[in-house]
Each structure stands twice: as C-alpha cells, then as structure tokens.
Amino acid sequence: MKTLVLTAHPNLGKSRVNRAWFEALSDAETVTTRDLTVIGGETFQFDVQAEHELLLAHDRIVFQFPFYWYSAPPVLKAWMDQVLTYGFAYGPGGDKLAGREFLLLVSTGGPADSYHAGGYNNFSMAEFLKPYQQTALLAGMTYLRPYVAHGMAVATEAQIEASIPDMLAHLTDPELDPKVKQARLLKELENDPAKAAAVS
Ligand SMILES: Cc1cc2nc3c(=O)[nH]c(=O)nc-3n(C[C@H](O)[C@H](O)[C@H](O)COP(=O)(O)O)c2cc1C
C-alpha cells in the first residue's frame, strides 16, 4: 500500500507536532510526504497535472494539518480547489480517485474533552471534519477513521515523541477500512465454530 501525505502547515519549520510527524512519515517506507506550503509557494499555485499523477500513484491519501479555526490552514483549500477538478474528482468521468482511501491526520490545541457536546468547543471532531468526509465520498474514496491528537499546543517534547509510533501505526494500518476488518473477523469466526456459536 502506497501512502501520500499532503501536509498543510503555514510554517513547518516553526511547528512542533506536525514537523515531528512529517519527519517520521518521511522516513517511513512506502510513504511519500509533501509540504504543500513549500510546493505551492507564496501564491499557493500547484502543478495540477503533477498533483494528479501523484494521487494516481498512491492508494491512501492523507491530509495532515494543525486545526486552525475549526478547519485547515488555507494552503490545503487552495490545493483542493485547484487539484480536485471536474472530470478528475467529480462530475462525468470524475472517478479517478474512486476506490482509494482517504485519511485525516490532525493536531488540535484544545483538549479532547473540549470536543464534545457541553465542552467548550461544543462539537465533536467527526462533526467539524464532515466537509473533508463528504469531499472524499463525492470522489468515491473510502473515508477512514481520522487520527486526531488533542491538546498539542501545550504538548511536551515527550508527549510529541510518544505520539509518533501511535500515529505511524494508525496511518499504516491496513484494517482501517472497516470492510477489510470485518472480512478478517468473519474469517476468524468461520474457522472457530465455538466462537461463532457464542456470538450467534
Ligand atoms: C491561527 C490558529 C488557529 C487555531 N485554531 C484552533 C482551533 O480552532 N482549535 C484548536 O483546538 N486549536 C487551534 N489552534 C491551535 C493549533 O491547532 C495547535 O497549536 C497546533 O495543532 C500545534 O501543531 P504544530 O506544533 O504543528 O503547529 C490554532 C492555532 C492557530 C495559530
């Protein structure tokens, strides 16, 4: 499985969390990392043909970003507006991304308990991230469970370091697609009549 990570941080050099993740991902096998801020330059201009070719060469597409005002930094929106074109990602013939997997990798400043009804951010990350989910679904991709690390504005170096293996395990987990996991669980039940009897 080949994974493409598109990183949208306004200044990865000044980042703590996303830079650590970006560096770890850059060292990982079968992962391609791209710093969109560097690639898009000051005017956020992308070579659409080159971006399409990269997307087509990968199976799992990841958007990585720090949560900014309940969304992503603007370079990601510029990339989406330019690259997810009619006839490529949607509309007639726009099925080029169909069947690929899509995953969000997000750091937030706010703590986990703030992202709940009644918490100070009131809504869950699943609710805030719906525009990305629907973008993936419209393009025919499988939306995988996002990886979100909370409370990262005040994270210690040790906490950031500790998040890396967890994040890498999530991003490279072949069973994030629920269909893949279900198929394995079904097979296990088929091979274990006692267990199958217990759950039926
Ligand atoms: C302009 C701006 C907007 C932010 N908006 C949010 C937000 O809406 N929710 C949140 O939890 N954190 C917010 N934060 C905090 C960042 O998400 C946090 O500092 C970041 O995830 C840390 O990652 P980094 O070390 O890679 O920069 C914001 C930070 C900035 C600078």
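How many aromatic pairs does the structure hold? There are 14 aromatic pairs (Phe, Tyr and Trp rings, Trp by its six-membered ring, with centres within 6.5 Å). This is a predicted model: local features need pLDDT of at least 70, side-chain atom pairs count only at pLDDT 80 or more, and totals for chains, interfaces and linings use all residues. Residues are numbered from 1 along each chain as its sequence is written, and side-chain values use heavy atoms, with hydrogens and water left out.

**Stop 1: an aromatic pair.** Select Phe102 and Tyr143. Their rings are stacked (planes under 30 degrees apart), at 6.1 Å centre to centre and 25° between the planes. Phe102 sits in strand β4 (residues 101-107) and Tyr143 in strand β5 (residues 142-143), so the pair ties together parts that are 41 residues apart in sequence. Strands here are DSSP runs of E, at least two residues, numbered from the N terminus.

**Stop 2: the ligand.** Now show what surrounds the ligand: 16 residues (a heavy atom within 4 Å). The closest are Ser15, Asn18, Phe67, Ser107 and Tyr115. By class, this shell has 8 nonpolar, 7 polar and 1 charged residues.

Zoom in on the polar contacts (N or O atoms within 3.5 Å).

- Ser107: a side-chain N or O atom is 2.6 Å from a ligand oxygen.
- Gly109: a polar backbone atom is 3.0 Å from a ligand nitrogen.
- Gly110: a polar backbone atom is 2.8 Å from a ligand oxygen.

Taken alone, the ligand exposes 640 Å² (Shrake-Rupley method, 1.4 Å probe). The protein buries 73% of that.

Terms used. Polar contact = N/O pair within 3.5 Å; in protein donor to acceptor, adjacent residues only side chain to side chain. Nonpolar A, V, L, I, M, F, W, Y, C, P; charged D, E, K, R; others polar. Phe/Tyr/Trp six-rings, centres within 6.5 Å; stacked < 30°, edge-to-face > 60°. Helix = DSSP H or I, 4+ residues; strand = E, 2+ residues; numbered from the N terminus.
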